Amino acid sequence: SIASMDKLRYGDGHIPTAELRLELQTTMQKHAAVYRDAQSLLDGKHKVDALVHKFNTDVKVVDKSLVWNTDLVETLELQNLMACASTTITGA
């Protein structure tokens with residue numbers, strides 16, 4: 001919704017989108033790869049949950065405009081990736 005997008009756009013967090021994206025990528029590669037065990041998945045689930053919390057409370061979008069705002073687009077994409085990663089690692 002527009003309210004959700006504006007919440008991201010005007011949020012006053014401290015962690016850049018790229019930093020969270022890299023942390024999510026590293027976590028999924030380490031804990032949810034093809035070869036995994038129950039403990040690795042559990043550890044990964046806790047890390048992904050923490051990343052989702054950090055995203056929801058502390059993500060930083062520098063560009064506040066609506067024209068060619070790649071920072072906002074990347075943040076919206078990361079929001080979707082967080083949901084997919086959480087679902088994947090919980091379901092695995």
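The model is a predicted one, in which local features need pLDDT of at least 70 and side-chain atom pairs count only at pLDDT 80 or more, while totals for chains, interfaces and linings use all residues. Residues are numbered from 1 along each chain as its sequence is written, and side-chain values use heavy atoms, with hydrogens and water left out. A search of the whole structure finds three salt bridges, and a nonpolar surface patch is formed by Leu66, Val67 and Trp68.

**Salt bridges**

- A salt bridge is counted here when a side-chain nitrogen of Lys or Arg lies within 4 Å of a carboxyl oxygen of Asp or Glu; side chains of opposite charge can pair when their charged atoms come close.
- Asp6 and Arg9 meet through their side chains in a salt bridge at 3.6 Å, N to O, and because the two are three residues apart in helix 1 (residues 2–10), about one helical turn separates them.
- Within this pair, Asp6 is partly exposed at 26% relative accessibility, whereas Arg9 is buried, with a relative accessible area of 6%; buried means under 20% relative accessible area, exposed means over 50%, and partly exposed lies in between (1.4 Å probe, protein chains only).
- Lys45 forms a salt bridge with Asp49, with the closest N and O atoms 2.7 Å apart, and these residues are four apart in helix 3, so that about one helical turn lies between them.
- Both partners are partly exposed, Lys45 with a relative accessible area of 26% and Asp49 at 31% relative accessibility.
- Glu23 and Lys54 join their side chains in a salt bridge at 3.2 Å, N to O; Glu23 lies in helix 2 (residues 17–31) and Lys54 in helix 3 (residues 38–58), so this pair ties together parts that are 31 residues apart in sequence.
- Glu23 counts as partly exposed at 30% relative accessibility, and Lys54 is partly exposed as well, with a relative accessible area of 28%.

**Helix packing**

- Helices (H or I, at least four residues) and strands (E, at least two) are DSSP runs, numbered from the N terminus.
- Helix 2 and helix 4 pack at an angle of about 25°, and their axes are 10 Å apart; the axes are lines fitted to C-alpha atoms over the stretch in contact, with angles running from 0 to 180 degrees between N-to-C directions.
- Helix 2 and helix 4 are therefore roughly parallel to each other, a label given to angles under 35 degrees.

**Surface patch and Trp68**

- Leu66, Val67 and Trp68 together have about 450 Å² of accessible area in their nonpolar patch, with areas taken from the Shrake-Rupley method with a 1.4 Å probe, where only the protein chains shown count as cover for residues.
- Such patches are made of residues with over 30% relative accessible area and no salt bridge, nonpolar side chains (Val, Leu, Ile, Met, Phe, Trp, Tyr) being joined within 5 Å and like charges within 9 Å.
- Trp68 sits in the loop between strand 2 (59–60) and helix 4 (70–91), and is exposed, with a relative accessible area of 79%.
- Trp68 also has a positive phi of about 50°, although it is not a glycine; most residues other than glycine have a negative phi.

**Gly11**

- Gly11 is found in the loop between helix 1 and strand 1 (15–16), where it counts as partly exposed at 22% relative accessibility.
- The C-alpha atoms of Gly11 and Leu78 are separated by 15 Å, with the two residues 67 apart along the chain.

Terms used:
Parallel < 35°, antiparallel > 145°, perpendicular 65-115°, else oblique.
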